[in-house]
Amino acid sequence: MKPGDVFNWLDQGPVILLKRVQIYDPIRATDLDEEGMMYEDWPSEPGWLIKILLTGEYLEVHDETLREIE
């Protein structure tokens, strides 16, 4: 996978991969310790910034939600 590749995303049709991103997990404020949490400690997964070709929307998505176009 590289920027410029076209994949299918879920049932939304074709998307273009724009760049690699880190997708940070949601954390409730009550789960943070008193000193807070730095970004390097925040749980995250690699993903992609995509552009949905049919709607023009930009989204950050997880790798496992992308499928090669057959």
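Arg20 stands opposite Trp48 in strand 3, where strands are DSSP runs of E with at least two residues, numbered from the N terminus. The model is predicted, and local features need pLDDT of at least 70, side-chain atom pairs count only at pLDDT 80 or more, and totals for chains, interfaces and linings use all residues. Residues are numbered from 1 along each chain as its sequence is written, and side-chain values use heavy atoms, with hydrogens and water left out.

Strand 2 and strand 3 (residues 44-52) are paired antiparallel through nine bridges; pairing requires that DSSP finds at least two bridges between two strands. Strand 2 (residues 14-24) is also joined to strand 1 by three bridges, again antiparallel, with Phe7 partnered by Val15. These two strands make a hairpin with four residues between them, and Leu10 in the turn has a positive phi of about 45°.

Turning to charged pairs, the whole structure contains two salt bridges, each defined as a side-chain nitrogen of Lys or Arg within 4 Å of a carboxyl oxygen of Asp or Glu. One links Lys2 and Asp5 (3.0 Å, N to O). The other links Asp63 and Arg20 (2.7 Å, N to O). Because Asp63 lies in the loop between strand 4 (58-62) and strand 5 (66-68) while Arg20 is in strand 2, this pair ties together parts 43 residues apart in sequence. Arg20 counts as partly exposed at 44% relative accessibility, and Asp63 does so at 22%; the class lies between buried (under 20% relative accessible area) and exposed (over 50%), with a 1.4 Å probe and protein chains only.
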